[in-house]
Amino acid sequence: MTSVKPVPAERLPELLRLMPKAELHIHIEGSLEPELIFALAKRNGVALAYGGVEELRSAYAFTNLQSFLDIYYAGASVLLKEQDFYDMARAYFVKARADNVVHAELFFDPQTHTARGVGMDVVIKGLHRACVDAKTEFGISASLIMCFLRHLTEEDAFETLEQAMPYRDLLVGVGLDSGEVGNPPEKFARVYARCRELGFRLVAHAGEEGPPAYIWTALDVLKVERIDHGVQAVKDPALMQRLAKDRIALTVCPLSNLKLCVFPDLGSHNLRHLLDAGLAITINSDDPAYFGGYMNENFTQTFAALGMDAQHANTLARNSFEASFIESAAKGRYLDRLDECFEDFR
Ligand code: ADE
Ligand code: ZN
């Protein structure tokens, strides 16, 4: 752990914003703001079940993961053309830059789009072009992680993998998302084994609402390198030890957990407990357009609620780079920038 000089509480929000950081858990479809949903609906002639932006936003009162997913998939129905995917990702990068996110690994859900007749080429080309432009325009490095929808079959996931193979070089890894309970990681054992052979980096959502057993099988059956969410690990001391010992990063999303009622309030969130227990915790936004905030909101609200300090901030930012899939020389440069930011902050 890098030792960090103390920062007065009133200066902490400034440090949280200024420090360079990586975002490792962002569903790009979850960055679609209501205004862009309606603009794209108009551009593409798609009818929505909501009369306007305010009516849609007022429907964002979720009780659990599924209640969110129903609205989230409806919002994604406005995405039809390559330019739509580009515009969505570019809008995210504008927000990311404001929060000093210097590296982002974007999840996307191709099955949500291919099931509506949108080609895999349309989805990947639009997102990839936005990633290339993020580097030249904003200096943000970005890569794509293709997620399989776990409420669908493994056969469907295999088909999706096949469709993505022409774009293999544009993807850094694969993930697993959507409704967790009743869809354990081992349902996707074969397709993950194949992705591993193909050289994809592997992650999976586990322990968001589902039990610690799902985190174990994500690690031991799917052989993932990071766990998305993972907050239910706290219920299993042996799992906590395993995660700490193997430095398995958890991509935790505090405002998401709050909005989806995983914790009753931010003050009850276990992020600080997990971090203080030595786990490789990172902070991320998940679906920022739906959960009330991008990276900086997640950091500032969580730090205020849990009374965390500059040392925690440094560890979280450091973890975000160390757990990323950036090649090692660039990773070193980001870590140097982080050190400089903390040294220069006064
Ligand atoms: N898809 C988008 N956001 C998700 C989340 N928080 N959990 C599972 N699947 C998702
Ligand atoms: Zn997620």
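The dialogue that follows goes through helix packing, pockets and a cavity in a predicted model.

Student: Why are helix 8 and helix 9 called roughly parallel to each other?

Tutor: The axes of helix 8 (residues 154-164) and helix 9 (residues 189-197) come within 8 Å and cross at roughly 25°. Angles under 35 degrees count as roughly parallel, and helix 8 and helix 9 are therefore roughly parallel to each other.

Student: Which residues make that contact, and how do they divide by class?

Tutor: On the side of helix 8 the contact is made by Glu154, Ala157, Phe158 and Leu161, and on the side of helix 9 by Ala189, Arg190, Val191, Arg194 and Cys195. These residues divide into 6 nonpolar, no polar and 3 charged; Cys counts as nonpolar under the classes used, so Cys195 of helix 9 belongs with the nonpolar residues.

Student: What makes the passage of helix 10 by helix 11 a left-handed or a right-handed crossing?

Tutor: A crossing is left-handed if the near helix is turned anticlockwise from the far one by less than a right angle, and helix 10 passes helix 11 in a left-handed crossing. The axes of helix 10 (residues 212-222) and helix 11 (residues 237-245) come within 10 Å and cross at roughly 35°. Helix 10 brings Pro212, Ile215, Trp216, Leu219 and Asp220 to this contact, while helix 11 brings Ala238, Leu239, Arg242 and Leu243, and the residues divide into 7 nonpolar, no polar and 2 charged.

Student: What makes a residue part of the lining of the largest pocket, and which ones lie nearest its centre?

Tutor: A lining residue has an atom within 4 Å of a point of the pocket. The largest pocket, with a volume of about 230 Å³, is lined by 14 residues, of which Met1, Arg247, Leu275, Thr315 and Asn319 lie nearest its centre. Helix 13 (271-276) and helix 16 (310-322) are the elements that give two or more residues to this lining, and helix 16 gives the most, with 6 residues. By class, the lining has 3 nonpolar, 6 polar and 5 charged residues.

Student: Which residues line the second largest pocket?

Tutor: About 180 Å³ of space lies in the second largest pocket, and its lining includes Arg201, Glu225, Arg226, Arg247 and Asn319. The lining divides into 4 nonpolar, 2 polar and 6 charged residues.

Student: Why is a space called a cavity and not a pocket, and how many cavities of 30 Å³ or more are counted?

Tutor: In a cavity a 1.4 Å probe fits but cannot get out, whereas a pocket is an open set, and the count comes to 1 cavity of 30 Å³ or more. The largest cavity has a volume of about 90 Å³, and His27, Leu65, Leu69, Ser178 and His205 lie nearest its centre. Strand 1 (21-27) and helix 4 (65-75) each supply at least two residues of the lining, with helix 4 giving the most, 4 residues.

How values were computed:
Residues are numbered from 1 along each chain as its sequence is written. Chains are lettered from A and ligands numbered from 1 in the order in which they are written. This is a predicted model: local features need pLDDT of at least 70, side-chain atom pairs count only at pLDDT 80 or more; totals for chains, interfaces and linings use all residues. Side-chain values use heavy atoms; hydrogens and water are left out. Axes are lines fitted to C-alpha atoms, for helices over the stretch in contact, and angles run from 0 to 180 degrees between N-to-C directions. Angles under 35 degrees count as roughly parallel, over 145 as roughly antiparallel, 65 to 115 as roughly perpendicular and the rest as oblique. Contact means heavy atoms within 4.5 Å. On a 1 Å grid over the protein atoms alone, a cavity is a set of points where a 1.4 Å probe fits but cannot get out, and a pocket is an open set with protein on both sides within 12 Å along at least five of seven lines; lining residues have an atom within 4 Å of a point. Grid points are joined across faces, edges and corners, and a volume is the space filled by probe spheres set on the points.
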